[in-house]
Amino acid sequence: MSNDIKTIAMPDEKGFFGDYGGSFIPPMLEDILSEISTAYDEISRDPSFHEELNMLYQDYVGRPSPIFHLKNLSAKVGGAQIYLKREDLNHTGAHKINHCLGEALLCKKMGKKKIIAETGAGQHGVALATAAVLVGLECDIYMGEIDIVKEHPNVVRMKILGANVIPVDRGTRTLKDAVDVAFEAYLGDPVNQLYAIGSVVGPHPFPKMVRDFQSVVGNEARVQFQDRYGKLPDNLVACVGGGSNAIGLFSAFLEDENVAMYGVEPSGRGFKDGDHAATLTKGSPGVLHGFKSYLLQDDKGEPLPVYSVASGLDYPGVGPQHSLLKDLGRVTYVTASDVEAIDSLFELSRTEGIIPAIESAHAVAFATKLAKDAGPDKTILVNLSGRGDKDIDFVVEQYGKEYGVE
Ligand SMILES: *Cc1c(COP(=O)(O)O)cnc(C)c1O
């Protein structure tokens, strides 16, 4: 395994993690991406860049985020001890600010004026708009018209932060079309703009770059856990949409063979096509949005519709490093359903006073199951990727009655 570990930790220079990743893009994009790749390589070797980013992590985001022992929930479950890495306590309420600040600083150092991106539920848009203000960049966020109506509070946040929210009226008027339109806008002016991807997906160098920025989560957690408890956690658990919060936690532990890792995908309403977004569990290798990975696709290689109660998890692809980690068996990919996630959201709220994002509640749901089957001397560290404030109106409207909230 130790030889394999080296290859799974770093992609080759073309951005391949084993067979996955790379960059499957039109020739006109090649120069642009290699400019980003070169700039990122240079900047990532520059100590002053890391110094600046680390100061922002500390003073602006509030890092390091704490690790918290869920004594109440662990006692209630009656098995292993469960701990959270509290990414929900970050400024803006989730892990996404970690890579958005990195991408915004990179954009600034490359001498570009504007940072652009697509957003689905608006979480990436809000984190990027925040980072853009701080670093001094203009910010354009492309968003489907349907999502604009659905995710009104995040649209307002982006506008208060001074970002331009650009409605996309094409096709399904949701995330996939927003990606297409944002990419076209990027191709229209690659000199003055940088495209900032919202997860460890897309063509090289994005999966590597976003992973590097998110690795602060695992690097902190490893030291914190070791210092406090004198050993490493036995198990790591994180939810997987595109896979950035999961890889951020896992990357520091890949060589620790005694640390088991679990990535939790959304099984939504069940495993019928269009009812889930369990890409690694149910998908097969293919190419989407410029990179090779496991995908949920039809016979012709077209992406299938996906669904999850957590809008941050419904993507038909997944970061390429996860595909390799699955094939090597280093990470086990499992699922949690809508119902299990909502149940865990209420359970964590009512045992520990922490309302998690619905995305993160998928990880808590699986951790609870895992804990039941393990002894009290075993430990499970969950990446709590975000807080649930953004979800409470929806949760109460859809599920309130069952939980006595009306
Ligand atoms: C966006 C989001 C996710 C999913 O993205 P990953 O790239 O898989 O981490 C998970 N949790 C929260 C709170 C999010 O906002």
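These legends accompany several close-up views of one predicted model. Local features shown here need pLDDT of at least 70 and side-chain atom pairs count only at pLDDT 80 or more, while totals for chains, interfaces and linings use all residues. Residues are numbered from 1 along each chain as its sequence is written, and side-chain values use heavy atoms, with hydrogens and water left out.

View 1. Take a look at the oxygen atoms of the ligand: one is 3.0 Å from an N or O atom in the side chain of histidine 95. Backbone atoms take part too, with a polar one of glycine 242 at 3.2 Å from a ligand oxygen and an N or O atom of glycine 243 at 2.8 Å from a ligand oxygen. A polar contact is a pair of N or O atoms within 3.5 Å. The ligand taken alone exposes 380 Å², and the protein buries 97% of that (Shrake-Rupley method, 1.4 Å probe).

**View 2. The six-stranded sheet.** Six strands in the order β3-β4-β14-β9-β10-β13 form an open sheet with mixed pairing. Strands are DSSP runs (E, at least two residues), as are helices (H or I, at least four), numbered from the N terminus, and two strands pair if DSSP finds at least two bridges between them. At the edges stand β3 (67-69) and β13 (331-337), each with a single partner strand, so one side of each has no neighbour in the sheet. On average, neighbouring strands are turned by 30 degrees against each other, direction ignored (axes are lines fitted to C-alpha atoms). Strand β10 (residues 260-268) runs parallel to β13, joined by seven bridges, and glycine 263 stands opposite tyrosine 333 in β13.

**View 3. The four-stranded sheet.** This open sheet has the order β7-β6-β5-β8, with parallel pairing. Its edge strands, β7 (164-168) and β8, each pair on one side only. Strand β5 (residues 114-118) pairs with β8 over three bridges, and isoleucine 115 has leucine 194 as its bridge partner in β8.

**View 4. The hairpin of β11 and β12.** Five bridges join β11 (residues 284-288) to β12 (residues 291-295), and the two strands run antiparallel. Valine 287 stands opposite lysine 292. Two residues lie between the strands, and histidine 289 takes a positive phi near 45 degrees.

**View 5. Backbone details in the loops.** Most residues other than glycine have a negative phi, and most peptide bonds are trans. The bond from arginine 63 to proline 64 is cis, with omega near -5 degrees, and proline 64 is in the loop between α3 (47-61) and β3. Histidine 204 and proline 205 are also joined by a cis peptide bond, with omega about 10 degrees. Threonine 92, in the loop between β4 (81-86) and α5 (96-109), has a positive phi of about 75 degrees although it is not a glycine.

Key: A polar contact is a pair of N or O atoms within 3.5 Å; within protein, one must be able to donate a hydrogen and the other to accept it, and residues adjacent in sequence count only if both atoms are side-chain atoms. Axes are lines fitted to C-alpha atoms, for helices over the stretch in contact, and angles run from 0 to 180 degrees between N-to-C directions.
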